[in-house]
Amino acid sequence: MPTKSKPARKSTRHRTPELLFGDLWEFDPAPELADPKLKQSYSLYINGQFVAPRSRKYFDSINPSTEKQLARIPAAGKADIDAAFSAAQTGYNKYWAKLPGKDRGKYLYRIARLLQDRSREFAVAESLDGGKPIKESRDFDLPLAAAHFFYYAGWADKLEYALPGVSAKPYGVVGQIIPWNFPLLMLAWKIAPALATGNCVVIKPAETTSITALKFAQIIQEADLPPGVVNIVSGAGATGQLIVNHPAAKKIAFTGSTEVGKAILRATAGSGKGLTLELGGKAANVVFDDAPIDQAVEGVINGIFFNQGHVCCAGSRLLVQESIAKVFVRKLKTRIASLRVGDPLDKNTDIGAINSKEQLDKIEQLVASGVEEGAELFQSSCSLPSQGWFYRPSLFLGVTQSHRIAREEIFGPVLSILTFRTISEAIEKANNTAYGLSAGVWTDKGSKILKMSTALQAGVIWANTYNKFDPASPFGGYKESGFGREGGKQGLCDYLKIVP
Amino acid sequence: MPSLAANKSPLKPLLDEVGPVDQVAIEERVAKFTTRSIKKASKIQGLKLAVSMVDLTTLEGKDTPGKVESLCQKAQCPDAELDTPQVAAVCVYPAMVKYARRFLGDSQVRIASVATGFPSGQFPLRTRIQEVKQAVRDGADEIDMVIQRGAYLAGELQAVRDEIAVVAEACGDARLKVILEVSELESYDNIRAASFLAMSVLRPGDFIKTSTGKTSVNATLANNQVMLEAIRDFYLDTGIPIAMKPAGGIKNSKQALHFLVAVKETLGDAWLTPERYRFGASSLLNDLLMQLRKQQQGVYQAPWKFSDASTGY
């Protein structure tokens, strides 16, 4: 239809029509005003008490949107980690192992409700500390974190139905290390199933985003958990190493980079410790020519720009069928023009701050390599705040399989666009990666979805949607994206040992 | 090549050409518009913009010249205490056009008339054309026509298209608004396809419009979005700007602002004008005024502080 205009109208066609996304009706700043109730200095949470680090060392947590210091965070040393594991072991032997499942469930329900009660406060803290837009911390991170506690609370007294006919018991004490992209949500993913299955935990948040974890310790205390059941210790990589290598840790659960994951795999080899790893990704978002185009564009945008692209399952490779590539790219460019980059606390911000200077450098370096290797870079022309670490939403056109930007995880708002001609080429290209965490398929044809979902080697495959999460749905990877599952019934099994 | 037309519905080529719409995903998309926070100066600007886009409507069997007169008065001066723009147009039945013209004279407020056997469209073409011509003769600046949904669903696309073309011709200088009656087309796929079908014979500045306001489901953010995206695609392809009018069901300011956010983020600044975007509404106007007074005076005024417009549309 669009091409069948009458010749008489050609006079209206002076130049290529364009849309103007300007400031005719600009939104006023709409900052979220809830008080995050931050402290100047935080303590470790060990054995049910807030304690100063025996290491006496602290480091600063920086607000990535202002580059200013937010709070002092303790750096746990060897003595602290020893104390945490000793508390966890005692907590397990004395209280948690003796508690019936329904009582463990009660504590988990209590945690979930307390988290809901204080969700706005935590959302603001999360956005301040990590740089993610408030609409995401408010509408995604917090509700989902609470939902995980509710979900696993329900399982606590029904474990025999999760593994029918099999006898299983908890590991005892587990060490958990979480990343900086979804600090509180990853904490929930780790703590909820561990407690539901009867384990005690020593958990370490990432060093750039410790605040919500240390705030969460207040909720643990308020919920009146027995001492030692949850211990929260902050620190950098060295602290993480102490946790991994601690003899009392019977299982390690790690979410983070593939590089660190491999180091942990080496360190725990032969130790008899259980291990689950949720690592990097380079997900393909595959768009067929019969897809609902505008919704696919929206899904691709959501897939790569959600949380500034700091998402292990981000759809960072777009595979679009050649016959629609041109129109699809044009629509992507149009859509990017109306994305709002800026203050994470503004309710209208779509893309917030890059989590750290280090990460910003890494993104810039990988983007430079893309340009150097001959890919065509397109960036939004939006204005960026003068302070803080921000990055423009970016597209790379003309990317080939061998480009670094098609192989390495960028973990930023940068999309690499490749094309394919046939379904088998799409499968081949999508699977041509070291990773296998997630993938997306966009088509109007149901049978194609079924075919792709069996052919793609990825732990999660979204069809005509992207970045959908639910506590009941397991999440985890293939290949170098790790092993083990979080969420759902499967997530329980990774915290239980089968008793022969 | 032998004709394979017998193998498929006549709708299929059109649907294939314009592409499908995913219901779940588009409803998710528009839900994001509702999370935009519009405060302070941007709220006042948005509310005034919305006032200037209202097609103040009365479409009732009990309409009288007196009712139309009070509507015209309200349209020209929505609120004596507030500095607001006039509304874009009054929208009435054809028989009321001549009274509206008498009351409005050469006012800036335009007169829109529903025509072509509104709301069903189930009348002979000849009388529907006569209706349009008569309304224009009586002083209508704009004609809101209904398409024959029955013909569309039966696959008689050429008939639907030809009819829109004939009505456009009968309009002369008057602008045409083509009502798709989205609730009777039911699927988003059909709404998108029918939008293209109409746009293919419209003139620059003519409108496509969601609904008559006479069915249970009228304008929603989602069907508005389907049509905005169709307008965007058509414009980028042909350079012809088509205007948009959601009608019915938009009753309060918050909704109106959400619709405007959708326009801002889908079609951009050039469509944030009454020339390119309208609200077919009646009770919306008083809510916009109430919110504007709230912004000015800090408190909500009682409903009886606002002169009666029309309700129920």
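In what order do the eight strands of the open sheet in chain B stand? Select chain B: the order is 7-6-5-4-3-2-1-8, with parallel pairing. Strands here are DSSP runs of E, at least two residues, and helices are runs of H or I, at least four residues, numbered from the N terminus; two strands pair if DSSP finds at least two bridges between them.

This is a predicted model, in which local features need pLDDT of at least 70 and side-chain atom pairs count only at pLDDT 80 or more, while totals for chains, interfaces and linings use all residues. Residues are numbered from 1 along each chain as its sequence is written, chains are lettered from A in the order in which they are written, and side-chain values use heavy atoms, without hydrogens and water.

Next, select residues 142–146 and 175–179 of chain B. These are strand 4 and strand 5, paired in the parallel sense over five bridges. B:Ile143 stands opposite B:Leu176 of strand 5.

Move to chain A and colour domain 1 (44–279 + 479–498) and domain 2 (284–463), bounds that come from an automatic or database domain assignment. Their C-alpha centres lie 30 Å apart. The contact (heavy atoms within 4.5 Å) takes 30 residues from domain 1 and 32 residues from domain 2 of chain A.

Zoom in on A:Lys135 and A:Asp350. They form a salt bridge (a side-chain nitrogen of Lys or Arg within 4 Å of a carboxyl oxygen of Asp or Glu), with the closest N and O atoms 2.5 Å apart. Finally, select helix 3 (119–130) and helix 4 (134–155) of chain A: each supplies at least two residues of the side of domain 1 that touches domain 2. Helix 4 gives the largest share of that side, five residues.
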